[in-house]
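Thanks for sending this one over. Here are my notes, point by point, to read alongside the model.

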Amino acid sequence: MPEQYDIVADKLTKSYGKFTAVDRISFEVPRGSVVGFLGPNGAGKTTTIRMLTCFMPPTSGSARVAGHDVFYESMAVRQKIGYLPESTPLYLEMRVGEYLTYRGKLRGMGRADLKKAIGHVTDMCWLSDRLRWPIGKLSKGYRQRLGIADALLHNPPVLVLDEPTVGLDPSQIRETRKLIGNLAGQHTVLLSTHILSEVELICQRVVIIGRGKILAQGTPDELKSGSRTGDKARLLVDVRGPTAQVKSALAALPGVQEITVVSDGPVCSLQLTGRVDGALREQVAALVLQRGWALRELRSGGMSLEEFFVQIIDPGASSAA
Ligand code: ATP
């Protein structure tokens, strides 16, 4: 049976001397998805990425990439993974085409395959019109695209991108995000970033790491709704129907701990507090429909991903605020 996950970390650990930088972390990246890897400075993201990309071995635990063990099958992993480091070491005097040819040869790609691959990745990364440009003359956005093209050259199923939008201007950021979004489905992407809005825009799942440990993981909605941490979250529901009846019907749904009327009228607004997840949303929608009322709006009143991140990274700071 084909594996459902392209990255599986199992109690992955790295110690530098007595200091444990990554401490028994376990997470999975589903095939074809974009997963955000978040954490404050020094959390252990780069150390984890270096183990996944076979730049250094784990102290204990294991990880598999595209079905191969990073320790025992590192050559196979290198074939299956493309890596964009935070600062791409590009040769400034080389031309774009030359650089990609050089990189492909280093990977042992044959001439015909390489020509085809360069055509494909430069198309995909909107670089076709820069093939003859010296890298030193490219803007930072174009250099970043070249880094991604390089990571994609051997058509790896898995891509690890470390802070791909750092230092780019807003339009370059938008283009790079679009490019990463286009990779989903064809490739599995682990995206290390500090930018939470980026995660909400392009990631299906999020893994949050702090001081070498996994602090939370789930979809952005699950994290914001508190369903992964047991926190209460809010759901705001606008219904055209009799307020008292709507309120008592919704109050009876499992997971609803409190219900308050925000506004009354032909369309009433109610705030539900409790375990808000996908199932509850579906139950609310089905119930309203079944009673013959009209559902005007259903929106999360939970925290933003940024609030969640701050709370989980530094619980003291958020409760003091
Ligand atoms: P940033 O976002 O700042 O890049 P990070 O999440 O990538 O941070 P790492 O670079 O993985 O974090 O570092 C995790 C911890 O391990 C930090 O405390 C760092 O100082 C420490 N560390 C990293 N590399 C080494 C090393 N070679 N020797 C000793 N300690 C190290």
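1. The six-stranded sheet. An open sheet of 6 strands runs in the order β6-β7-β8-β3-β9-β10, with mixed pairing. β6 (81–84) and β10 (213–218) stand at the edges with a single partner strand each, so one side of each has no neighbour in the sheet. From one strand to the next the twist averages 15°. Strands here are DSSP runs of E with at least two residues, helices are runs of H or I with at least four, and both are numbered from the N terminus. Two strands count as paired if DSSP finds at least two bridges between them.

2. Ground rules for the model. This is a predicted model, in which local features need pLDDT of at least 70 and side-chain atom pairs count only at pLDDT 80 or more, while totals for chains, interfaces and linings use all residues. Residues are numbered from 1 along each chain as its sequence is written, and side-chain values use heavy atoms, with hydrogens and water left out.

3. Strand β3 (residues 34–38) pairs with strand β9 (residues 205–210) in the parallel sense over 4 bridges, and Val35 stands opposite Arg205 in β9. Helix α1 packs on the sheet and touches β3, β6, β7 (158–162), β8 (188–192) and β9, its direction making about 135° with that of β3. Contact here means heavy atoms within 4.5 Å. Angles run from 0 to 180 degrees between N-to-C directions, with axes as lines fitted to C-alpha atoms (for helices, over the stretch in contact). Please look at helix α5 (residues 140–152) too: α5 lies across β6 and β7, running at about 160° to β6.

4. The ligand shell. Which residues are around the ligand? They are Tyr16, Phe19, Ala21, Pro40, Asn41, Gly42, Ala43, Gly44, Lys45, Thr46, Thr47 and His194, where a residue is included if one of its heavy atoms lies within 4 Å. The shell divides into 5 nonpolar, 6 polar and 1 charged; Ala, Val, Leu, Ile, Met, Phe, Trp, Tyr, Cys and Pro count as nonpolar, Asp, Glu, Lys and Arg as charged, and the others, Gly among them, as polar.

5. An oxygen atom of the ligand is 2.7 Å from a polar backbone atom of Gly42, and an oxygen atom of the ligand is 3.3 Å from an N or O atom in the side chain of Asn41. On the nitrogen side, a polar side-chain atom of Tyr16 lies 3.4 Å from a nitrogen atom of the ligand. The cut-off for such a pair of N or O atoms is 3.5 Å. The protein covers 59% of the 640 Å² of accessible area that the ligand has on its own, by the Shrake-Rupley method with a 1.4 Å probe. Elements giving two or more residues to the shell are β2 (19–30) and α1 (45–52), and the largest share, 3 residues, comes from α1.

6. The four-stranded sheet. Here 4 strands form an open sheet in the order β12-β13-β11-β14, with antiparallel pairing. The edge strands β12 (256–263) and β14 (294–300) each pair on one side only, and the twist averages 20° from one strand to the next. Strands β11 (residues 233–240) and β13 (residues 267–274) pair over 8 bridges; Ala233 has Gly274 in β13 as its bridge partner. Helix α9 (residues 243–251) packs on this sheet, touching β11, β12 and β13, at about 160° to the direction of β12. Helix α10 (residues 278–290) lies across β11, β12, β13 and β14, running at about 165° to β14.

7. β4 and β5 form a hairpin with 2 residues between them, and Ala66 in the turn has a positive phi of about 50°. Val65 stands opposite His68 in β5.

Terms used: Polar contact = N/O pair within 3.5 Å; in protein donor to acceptor, adjacent residues only side chain to side chain.
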